[in-house]
Amino acid sequence: MVKARSPALPCGGRGWILIVLLAATGSLAQERYDHHGALGLTVATGGEILATGAAKGATDNGLRLPIELGGTLSVTNRSEARLAARLTVFGPQLAWSAYAGVRSSFGYEQLKTFFDLDFAAHFCPVWTLGARVAAGVQYDFLPVMGVYTTLGAQVGGGAGLRLSFELMAGLQFRTYLFE
């Protein structure tokens with residue numbers, strides 16, 4: 001018995017089909033900027049000034065340059081659930097942390113303001129649990145992509161006390177899967 005072969009797509013044709021489909025998704029978004037029904041990916045970097053003190057004398061103070069990778073899921077027209085992880089390799093010590101919370105935005109147009117309210121967990125070098133509060137501005141230059149900046153503060157306690165201030169800038173990529 002001879003099986004019929006499906007024609008192979010030359011030069012990675014499947015990859016090109018995926019790119020075309022993703023581009024078509026953006027054109028089908030009909031120029032909306034409200035994030036309703038959106039699933040997002042965020043990538044950010046910036047600077048953080050940090051002061052910590054631990055009971056055993058360990059400290060972690062100074063300027064850091066964190067890299068953040070996160071995800072968002074639309075909850076309402078103006079708010080998104082947010083999960084993020086940060087790795088700091090440029091600073092006094094290697095550090096990593098995780099965040100979970102909500103991002104609430106104001107406005108439906110391309111330029112909008114927002115605030116973040118997150119639970120923050122820092123694991124290394126001194127573990128602390130606390131809160132992160134930030135305010136920011138986002139400009140959506142495409143219905144599926146925007147650039148943002150935030151100014152925030154964190155406070156926490158655990159194996160030590162932590163206080164930090166941050167200025168971050170990033171990109172948010174979105175798809176309207178849950179529309």
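Where is Tyr 139 found? Tyr 139 sits in strand 6, and the paragraphs below place that strand in the whole chain.

## About the model

What you see is a predicted model, in which local features need pLDDT of at least 70 and side-chain atom pairs count only at pLDDT 80 or more, while totals for chains, interfaces and linings use all residues. Residues are numbered from 1 along each chain as its sequence is written, and side-chain values use heavy atoms, with hydrogens and water left out.

## The overall plan

Read from the N terminus, the order of elements is α-β-β-β-β-β-β-β-β.

The chain has 179 residues, of which 37% count as buried. Buried means under 20% relative accessible area, exposed means over 50%, and partly exposed lies in between (1.4 Å probe, protein chains only). The chain exposes about 10,300 Å², and carbon and sulfur atoms supply 74% of that area. These accessible areas come from the Shrake-Rupley method with a 1.4 Å probe, and for residues only the protein chains shown count as cover. Among contacts with a separation of 6 or more, 55% are between residues 24 or more positions apart, a contact being heavy atoms within 4.5 Å.

The eight strands close into a barrel in the order 1-2-3-4-5-6-7-8, with antiparallel pairing. On average, neighbouring strands of this sheet are turned by 25 degrees against each other, direction ignored. For such angles, axes are lines fitted to C-alpha atoms (for helices over the stretch in contact), and angles run from 0 to 180 degrees between N-to-C directions. Two strands pair if DSSP finds at least two bridges between them.

Strand 1 and strand 8 run antiparallel and are joined by 16 bridges. Ile 49 faces Phe 165 of strand 8 across this pairing. Further along, strand 2 (residues 62–76) and strand 3 (residues 79–90) are antiparallel and share 11 bridges, with a hairpin of two residues leading from strand 2 to strand 3. Strand 3 also runs antiparallel to strand 4 (residues 95–106), and 10 bridges join them. Arg 82 is a handy landmark here: Arg 82 in strand 3 is the bridge partner of Thr 72, and Gly 101 in strand 4 is the bridge partner of Arg 82.

## A buried network of charges

Side chains of opposite charge can pair when their charged atoms come close. The structure holds 12 salt bridges, each being a side-chain nitrogen of Lys or Arg within 4 Å of a carboxyl oxygen of Asp or Glu. Salt bridges link Glu 68, Arg 82, Arg 86, Arg 103, Asp 116, Asp 118, Arg 132 and Glu 166 into a network.

Arg 82 takes part in a salt bridge with Asp 116, where the closest N and O atoms are 3.8 Å apart. This pair links distant parts of the chain, Arg 82 in strand 3 and Asp 116 in strand 5 (residues 111–124), 34 residues apart. Arg 82 also meets Asp 118 in a salt bridge, at 3.0 Å from N to O. Because Arg 82 lies in strand 3 and Asp 118 in strand 5, this pair ties together parts that are 36 residues apart in sequence.

## A nonpolar patch on the surface

Now back to Tyr 139. A nonpolar patch on the surface, with about 880 Å² of accessible area together, is formed by Leu 41, Val 43, Leu 69, Leu 111, Val 137, Tyr 139, Phe 141, Leu 142, Val 147, Leu 171 and Phe 173. Patches are made of residues with over 30% relative accessible area and no salt bridge; like charges are joined within 9 Å, and nonpolar side chains (Val, Leu, Ile, Met, Phe, Trp, Tyr) within 5 Å.

Strand 1 (39–54), strand 6 (128–142) and strand 8 (160–175) each supply at least two residues of the patch. Strand 6 gives the most, with four residues. Tyr 139 counts as partly exposed because its relative accessibility is 37%.

## A buried residue in a loop

Asp 34 lies in the loop between helix 1 (13–27) and strand 1. Asp 34 counts as buried because its relative accessibility is 19%. Leaving out residues up to four places away in sequence, Asp 34 touches Asn 77 and Tyr 108.
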